[in-house]
Amino acid sequence: MKTRLGVIAAIGFLLLQTATAATLFHRYTFETNANDVAGNAHGVVMGGAVFDGAGALIFDGNNDYVQLPSGIISSLDEVSVEAWVTWQAGAAPYWQRIFDFGSQAQGQGKSYLFLTPATGGGLNALPNWIRATISTNNVAGESPWLDWRSPLPTNTEAHVALTYSPSLGLTKLYLNGVALDAGAATVPLSQITDLNNWLGRSQFNFDPLFKGRFSELRIYRGFLLDTEVAASFLAGPSNPSVAEGTLICTAIAGDVSTNAATLNALVQPNGLAAALFFEYGRTTNYGMSTVVMEAGSEYSLTYMGSRVTNLTPGTIYHFRCVSTNAAGTNYGGNTSFITLPLITSFAMNTNGHFEVRFDASAESHYFLMQATNLPVGRGTSVTNAEITADGPFTLIDRTATNYPRRYYRLMVRDF
């Protein structure tokens with residue numbers, strides 16, 4: 001809605017119906033070297049990293065990392081990366097890297113795709129979160145952030161995976177075969193200048209190096225689905241697996257409004273007639289389901305969606321796709337979305353401060369962003385609040401009297 005006071009906006013996502021089957025492109029087993037056993041992109045071990053003789057490369061967190069050849073992801077349309085790592089954290093755990101593919105300028109990241117086991121503090125990154133993100137313009141260009149509210153577990157082997165497809169408009173982050181977060185992939189990989197393709201090192205020189213062990217790294221040309229990531233985790237390192245039967249992937253919700261959304265999924269029936277429906281609700285117990293849709297029996301990847309209504313404004317909803325065929329039932333990973341808050345009023349109050357009132361539910365964090373010119377973009381947060389109880393809420397910009405005109409955007413995150 002537009003007024004003299006400004007703009008309050010929201011973003012929707014569009015999924016396209018194109019994708020390629022994922023094929024293993026590069027594989028590093030770290031038996032005695034960092035060679036690529038599936039291709040020719042051999043890595044070079046830097047610093048004091050050592051092979052333990054049991055199929056792992058040990059990083060001491062001081063000067064160790066692996067340099068992979070340039071161009072390893074920028075030549076791809078879609079990419080999936082998975083690794084088995086044991087993270088020891090060390091004295092400086094924040095912003096270490098499992099991988100960071102990109103380039104830097106003056107010691108800071110310029111364009112990159114990275115995965116960190118633990119974030120540091122900040123407005124958009126509370127401490128101790130797993131995060132993956134992509135950017136072509138330093139921190140300011142990062143979008144989306146794929147987060148989990150906990151760090152990577154320490155001193156135990158973990159399987160991490162990141163899938164990224166601009167053609168599908170989808171990227172997902174996984175831990176031990178389970179989807180943690182999903183977002184809209186909008187940056188073509190060809191726009192990443194991947195000169196520094198590092199395992200264990202960040203494009204930002206002030207970030208610490210990774211401390212722990214790498215058991216295996218795989219890079220796929222194409223987009224792995226939920227069921228493929230889960231099968232890979234179960235098979236473990238040193239045992240590339242092929243998921244069988246119907247393959248499915250819960251995708252991000254689209255056309256989200258205050259009380260409705262379209263639930264999306266990718267399905268590959270693989271020769272058996274499959275049916276598909278969605279389970280959804282305010283918790284991962286779901287409790288509600290959509291009508292059953294026929295998905296056919298083709299070997300190609302098909303996008304399907306179902307519209308759900310009568311949702312509560314400003315509320316986190318979880319959903320997953322479920323497919324059934326003659327061989328049994330398969331479940332996609334959990335994905336969540338937030339319905340838009342119901343804005344009930346916005347105006348200048350008697351003190352000359354901008355005030356927006358809205359209805360929202362618990363467990364969300366709202367930010368009132370402002371800018372003196374359009375577009376607002378992320379703007380600057382003038383106030384924010386975590387909603388801990390259902391009901392009406394008000395955010396006030398008490399500095400609004402300092403400017404003759406401001407533009408506003410109400411943003412929400414699930415933290």
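**Terms set against values**

Modeller: Let me begin with Phe30, which has a relative accessible area of 1% and is therefore buried, a word that stands for under 20% relative accessible area, with exposed meaning over 50% and partly exposed in between (1.4 Å probe, protein chains only). This is a predicted model, in which local features need pLDDT of at least 70 and side-chain atom pairs count only at pLDDT 80 or more, while totals for chains, interfaces and linings use all residues. Residues are numbered from 1 along each chain as its sequence is written, and side-chain values use heavy atoms, with hydrogens and water left out.

Biologist: What makes the phi of Phe30 worth a remark, and where is Phe30 found?

Modeller: Phe30 is not a glycine, yet its phi is positive, at about 55 degrees, whereas most residues other than glycine have a negative phi. Phe30 is found in the loop between strand E3 (23-28) and strand E4 (44-46); helices (H or I, at least four residues) and strands (E, at least two) are DSSP runs, numbered from the N terminus.

Biologist: Why is Glu363 called exposed?

Modeller: The relative accessible area of Glu363 is 54%, so Glu363 is exposed. Glu363 also has a positive phi, of about 75 degrees, although it is not a glycine, and its place is in the loop between strand E28 (354-360) and strand E29 (364-371).

Biologist: Why does Ile130 count as buried, and what does Ile130 touch?

Modeller: Ile130 has 2% relative accessibility and so counts as buried. Its place is in strand E11 (residues 130-135), and, not counting residues up to four places away in sequence, the residues that Ile130 touches include Leu115, Trp148, Leu152 and Leu180.

Biologist: What makes a group of residues a nonpolar core?

Modeller: A nonpolar core is a set of buried Ala, Val, Leu, Ile, Met, Phe, Trp, Tyr and Cys residues joined through side-chain atoms within 4.5 Å. The largest one here has 45 residues, and among those that touch the most other members are Val79, Ile98, Leu152 and Phe214. Strand E8 (residues 79-87) supplies the largest share of this core, five residues, and a second, separate core of 19 residues includes Ala261, Leu276, Phe278 and Val308.

Biologist: What does Phe214 touch?

Modeller: Not counting residues up to four places away in sequence, Phe214 touches Phe30, Ala83, Trp84, Ile98 and Leu199, among others.

Biologist: How do you know that the protein chain is as compact as a globular protein of its length?

Modeller: The protein chain has one helix and 32 strands. Its radius of gyration, taken over C-alpha atoms, is 22 Å, close to the 22 Å that the globule rule (2.2 Å times the number of residues to the power 0.38) gives for 415 residues, so the protein chain is as compact as a globular protein of that length. Of those 415 residues, 51% count as buried.

Notes
Contact = heavy atoms within 4.5 Å.
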